[in-house]
Amino acid sequence: MNPLKIAVIGLQFGMAHIEGAMCCGAEIVAICDCNEEHLRYAGERYNIPGEKRFSDYRALFGRADIDAVVVAVPDQQHRALSCAFLGAGKHVLCEKPMALTRADTQAMVRAADASGCRLMVGQICRFTPAFEKAKELVSDGTLGDVYFVESEYAHDYMKIVDNWRADPLRHGVIGGGCHAVDLLRWLAGDPREVFAYGTHRLLPQVPYDDATVAVMRFDDDTMGKVFVSTGCKRNYTMRTVIYGTRGTLICDNTSPTMTLFTAGEDGMAHEPEIIEVAVNNHNAAREFEVFADAVLHGKPVLTDAREGAKTVAVCLSIIESSKTGKPVRPDYDFR
Ligand SMILES: NC(=O)c1ccc[n+]([C@@H]2O[C@H](COP(=O)([O-])OP(=O)(O)OC[C@H]3O[C@@H](n4cnc5c(N)ncnc54)[C@H](O)[C@@H]3O)[C@@H](O)[C@H]2O)c1
């Protein structure tokens, strides 16, 4: 039994966190949503009684029986809620993207540092089985020296952008593209420079480009590419290809198999190996397990405040480059 006592705020994607926390045996001591219908629905669905349902998150600040909160409200509110709960001495698992501006990510890093509590950003792709396997094959040398890695975030937002997602600050590169950017950072490190092009043809209802392609250079001259399309006409995918000196891996978050090519003694690629993998692109249970381990046992958080902020920094650099037509060097200095 996981003794962590938590509150979940924002009950749409937040329901995945309720399920993830319940899988880990954590106790849900409060749920909160300002929309009464969403609050009632989640309460009934997960058998959470009326006295544990709240419509105003401020009622939770002083509750001594809450160890940690999950912040799953629209991105524009991540800073306000995360900083307030950190200030109230609560550990925070905040949804991705950490925030939409540098000022907000910087403030959240400072709030986490000052609080002594853990702030984890829900970059859930680091818990996707295919990407965990990809990370393993990079780390154990199977692919050799990685010289190019590409990922894409292709998702049709046609029906879900008539709300806070249409905010000019919530550009597709940061909203959904942060998944692909974070994955590249996890696999290859921090890009030192990015260059991007964008175009706007599919989603007339948003005030930003709905397709962007970015190339990037890492410190050791490894190259990277991210493609983001938030209006594409296809099924959701984060197809990712990692090219190394000893092999190449093709994987995805929505496929049950990965394809691995490795070179033999003669330096030529063998027939590919097909690796079976579970499809779980929202592995909230594993994400919560890592969060709980960090809070309860002081274990490291893969995506702590600075990691979340660095991913946003790269996304903002891509957006800037696509607007100015100039290469941009992300600023990773968060104090
Ligand atoms: N990790 C992922 O793959 C993933 C997937 C979807 C969404 N998200 C992220 O999760 C967050 C929520 O997204 P969503 O799709 O659930 O959005 P949504 O708009 O569908 O739902 C947000 C919920 O939060 C509630 N809410 C808004 N402001 C609130 C407040 N101040 N207090 C209490 N409740 C409030 C709304 O009433 C609504 O029920 C966003 O940050 C989004 O980027 C992440």
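# Close-up views of a predicted model

**View 1. Strands β7, β9 and β10 in the predicted model.** Over seven bridges, strand β7 (residues 146-154) pairs in the parallel sense with strand β10 (residues 223-229), and within this pairing methionine 223 of β10 is the bridge partner of phenylalanine 148. Strand β10 also pairs with strand β9 (residues 211-218), here in the antiparallel sense and again over seven bridges, with glycine 224 of β10 as the bridge partner of methionine 216. The hairpin formed by β9 and β10 has four residues between the strands, and aspartate 221 in this hairpin takes a positive phi near 70°. The model shown in this and the following views is predicted.

**View 2. The open sheet of six strands.** The strands of this sheet follow the order β3-β2-β1-β4-β5-β6, with parallel pairing. Its edges are formed by β3 (53-54) and β6 (119-122), each of which pairs on one side only. Strand β2 (residues 27-32) runs parallel to β3 and is joined to it by two bridges, and arginine 53 in β3 is the bridge partner of isoleucine 31.

**View 3. Lysine 5 in strand β1.** Lysine 5 is found in strand β1 (residues 5-9), and because it has 16 C-beta neighbours inside 10 Å, it counts as partly exposed. Leaving aside residues up to four places away in sequence, lysine 5 touches Glu27, Val29, Asp65, Ile66 and Asp67. Between the C-alpha atoms of lysine 5 and asparagine 253, which are 248 residues apart along the chain, the separation is 31 Å.

**View 4. Helix α3 and its surroundings.** Helix α3 (residues 78-87) is largely enclosed by the rest of the structure, because seven of its ten residues are buried. These buried residues are His78, Arg79, Leu81, Ser82, Cys83, Phe85 and Leu86, and they pack against β1, β4 (68-71), β5 (91-95), α4 (102-115) and β6. Glycine 89, which follows α3, has a positive phi near 80°.

**View 5. The largest nonpolar core.** This core has 96 residues, of which Ile6, Ala7, Val8, Ile9, Val69 and Cys315 touch the most other members. Helix α9 (residues 305-324) gives the most to the core, contributing nine residues, and at least three residues are drawn from each of domain 1 (5-124 + 284-303) and domain 2 (126-280 + 313-324). Valine 69 touches Ile6, Ala7, Ile9, Leu60, Phe85, Lys90 and Val92, when residues up to four places away in sequence are not counted.

**View 6. The contact between the two domains.** The protein chain is divided into domain 1 (5-124 + 284-303) and domain 2 (126-280 + 313-324), and the centres of the two domains, taken over C-alpha atoms, are separated by 27 Å. Domain 1 supplies 14 residues to the contact, while domain 2 supplies 13 residues. On the side of domain 1 that touches domain 2, the residues comprise five nonpolar, four polar and five charged.

**View 7. The shell around the ligand.** The ligand is surrounded by 22 residues, and the closest are Gly10, Gln12, Phe13, Asn35 and Glu95. By class, the residues of this shell divide into ten nonpolar, eight polar and four charged.

Note on methods: Residues are numbered from 1 along each chain as its sequence is written. This is a predicted model: local features need pLDDT of at least 70, side-chain atom pairs count only at pLDDT 80 or more; totals for chains, interfaces and linings use all residues. A nonpolar core is a set of buried Ala, Val, Leu, Ile, Met, Phe, Trp, Tyr and Cys residues joined through C-beta atoms within 7 Å. A residue is buried if 20 or more other C-beta atoms lie within 10 Å of its own, exposed if 12 or fewer, and partly exposed in between; C-beta atoms are placed from the backbone. Domain bounds come from an automatic or database domain assignment. Two residues are in contact if their C-beta atoms, placed from the backbone, lie within 7 Å. A residue is near a molecule or strand if its C-beta atom, placed from the backbone, lies within 6 Å of it. Ala, Val, Leu, Ile, Met, Phe, Trp, Tyr, Cys and Pro count as nonpolar, Asp, Glu, Lys and Arg as charged, and the others, Gly among them, as polar. Two strands pair if DSSP finds at least two bridges between them.
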